[in-house]
Amino acid sequence: MDNPFKKRATEYFDDPTALLSLVSAEPIRAFFSGQHEQLFDRPVTVVGTPGSGKTTLAHLLELDTLVALVQLARNNDNKSLVAELAQFRILDNLVPTILAFRLPAGSTLRDIWQLPYSLSTRSALFRSFIQARAVLGWLRKLEKVQVPPSAIKVATREHLETVRGLIKANDASEMRAFARDVEEQIFRVVTALAPPSEAELASTGLSSTYQAFDAIEAFVIDGIPNVVGSEIRLKPLFILDDAHELHPEQFADVGQWFRNRELKIARWIVTRIDALGPDEFRAALAGSDRPLAGTTPGRDHMYVLMQRARKDRKAFRAVAKDIAHRYIEQMPALRRQVNTLESCLEARQPSLTAGDAEKLAQKVASIMAKSGITDQTKRQLEGLLPPQLGLDQRQAVLRILLHREMKRTPQTDMFAMFDEAPGEEEVVDLQNVSADEDSDTDTKKKAKAALIAGANIQLMHDFQRPYYFTFDMVADASSDNIEQFISLAGALVDVIETRLLRNQPLKLDAKVQHQTLVKRAEDTVNAWDFPHSEYVRKIVGYIAKRCVEKSLEPNAPLDDGANTFGVPQAEIDRLRKENGLFIQVIHYAQAYNAFSILEHYECKRKTWCLFELGGLPIIANGLTLGRGGFCEGHLSDLMDCISDDAKI
C-alpha cells in the first residue's frame, strides 16, 4: 500500500494533481490574509522551520498547478482552495493571474560564489545565471500548459527598449534561445576543471550581464487551452527556494538586489530560519525589518513567517484533520475501512491495573493519616470532582488537593488559571475547601481541566498510565508544523496499516497510541543532525528535567505542570550583545522546532524570556502540552549545559 504519510517533502510529488490532493486551504489563508497585495509588489523573505509548508506554497503557485486546480475546481476537496486563491486574486474568475517559477538554490548557485573572481564579477555571474534560469522557467511553465511561443508577448518597462532588445524580448523563441545560451556559458565556467581567468571571461561570450529582471513587467498570452480563450496578462513571480543553502554573502547579495525598487516582477526568497542572523530573526518575529541604506522597512522589503506564534490550537486541529483526510484518501485499502484517522484512535480514558489502583489508594490514605484532614473535608473535596472522572483520576486529583491543603496554599493562588489543557473539558475553577464552608456553595464548584491534566501526567510518570492519545493530542503536539504532524500521524498510520494487513481491529487503544507517539518523538529527537544539535539536546534535556520535577511536585503548583523555562529578560539582553556560541545554539534550536523563545513576558512583576519546548521534546519527556506554566531560573543554568564542551 502506497503510504503518503511517508512522503513528507512535496518535492517528491511531480504531478500537480497529486500535489493538489494533499494541499489544505487553511495554511494558504493564513499566509495571504491581510497582505496578499504587498506580497507581489515588493521583495519578500518567507521564513519557516523545516516542514512549515514553504515549498508546498511555492509549488502551488506555479502555473501548471494552478491550471490543474482550475480544471478540478468542481472537486469537493478543491473548492475551498479555489475559493481562497480567488479571494487573494491569484485566480480571477478561474483564470490564473500569476506566472510563478521556483528555483531551488542548489549546488550550482553556491559554486558560482566559489569561483576565483572579484566580488563584483561573482555577483554578476550569480545574478545573470538566476535571471537566465528564471526566463527559461517561466517559458517552460507556459509550454507545459500548451501555450506556444508564438502566443507569448513579453511586456517590458517603458524607456527600456535597448534592454528589451538585448534580452531578445521581441520574440519568445529568440528570448528562450538567448537565455539558454547565457545559462550554458555560465555553467561551462562553473564546471570547468580550470576556470578561465577574470580577464578571459569576455572571450567566453560573457562580456556583459544579463538583465532580464530589469526589463520584464508581465507576460501577455493569447489564452490557455481548456481554461481561457482570450488574452490574459500574467505577473511573473520568481521564487528562490531553499535560500539557506547559499553562501552567506550570496544570501545578502540577492537580498540587496531584490530590494531594487525598479524591479517590477514579484520576487520571493524562501528560507529556513538558520539563514537569518539572530537579530534578523528577532526582527522578523517582531514584524519589522532591518533596512539597508536607502530602503524603508515594510515598503521596500517584508518578512513573512510561515509558522507564527501558537495562539489558536483549534485552527491547527482543523488543518490537521483536513490533511489527514486528504492523505487517507490516497490509500484505497485503508479508505475502504475508515473515514478518518480520528475514528481509528480510541478516546476513552484508560484505567490503572487493580494493583496500581490499590497502590494509589494506599498513598491517598497515607496522606490523609499524616495530614489530619477530616473525612468531612475529604468528602467535600471529592464532591467537587467531575462525575465523569474514573476512579484512578479521582484519586490522583484528590492526592494533589490533599497536598495543597497540607501546605495551606492561599486560596487565590491554589488554582491560578492557566490555558486550557489539551483533550480535557474546561470546567470551573476549584477553590480551597474547609469544613466550615457552606456545602451548598462548595458543591457548585468543580475541578478545572488543567488540574485534571496535571493529575493524569503524574499518573503517567508514577504508573505508566497512557497520556498522549486522541487526534487532538497528535495535532497539539505538532507545534503548528505540518510535517511534524504528518510524522506523528504517520507513525500511527503505520500501526493501523499493519493491523489491516493482519485482519485485526483497526482502532488503536490509548496505550498503543501513547507508546507509538512517544517512540516517534524520542527517535526524532535522538536523530537531530543540524548544526549544534548536540548542544541543543543538552539544553532541551535540562529544561525537560526541570519541568518534570516541577510537574511531579505533590501539590502540582502549576496544575498541569510546566514545559517552559523562564530567565530574566535582562540576562538574555546582555548576552545578545556578545553574540557568542550560545546565541547561535538557541538560534538553531528555534530553527528546528526544539524550542521557541518568547521574549518580554510579564509575570510576577518581572519581565521574562521564556524557552518553550517543542511538541516532540514535550512528548519524549512526558510533559504537558498545555501552555502557561514555566520553571524559573537563570541563563547561566542553560549555558552550563554546554560550558564543559565549548567556550560560550
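1. A friendly place to start is Gly-566, whose bridge partner in β10 is Leu-610. This is a predicted model, in which local features need pLDDT of at least 70 and side-chain atom pairs count only at pLDDT 80 or more. Residues are numbered from 1 along each chain as its sequence is written, and side-chain values use heavy atoms, without hydrogens and water.

2. That bridge brings us to strands β8 (residues 564–568) and β10 (residues 606–613), which pair in the antiparallel sense over 5 bridges. Pairing here requires at least two DSSP bridges between the strands; helices (H or I, at least four residues) and strands (E, at least two) are DSSP runs, numbered from the N terminus.

3. The open sheet has 4 strands in the order β9-β10-β8-β11, with mixed pairing. Its edges are β9 (595–603) and β11 (630–632), each pairing on one side only. From one strand to the next, the twist averages 30 degrees.

4. Helix α26 (residues 581–591) lies across β9 and β10, at about 105 degrees to β9. Angles run from 0 to 180 degrees between N-to-C directions, with axes fitted to C-alpha atoms, for helices over the stretch in contact; contact means heavy atoms within 4.5 Å.

5. Do have a look at α22 (residues 482–501) and α23 (residues 510–526) as well: they pack at about 130 degrees, their axes 9 Å apart. That angle makes α22 oblique to α23, the class left over after roughly parallel (under 35 degrees), roughly antiparallel (over 145) and roughly perpendicular (65 to 115).

6. Among the residues in this contact, Leu-488, Ala-491 and Arg-499 belong to α22, and Val-512 and Arg-520 to α23.
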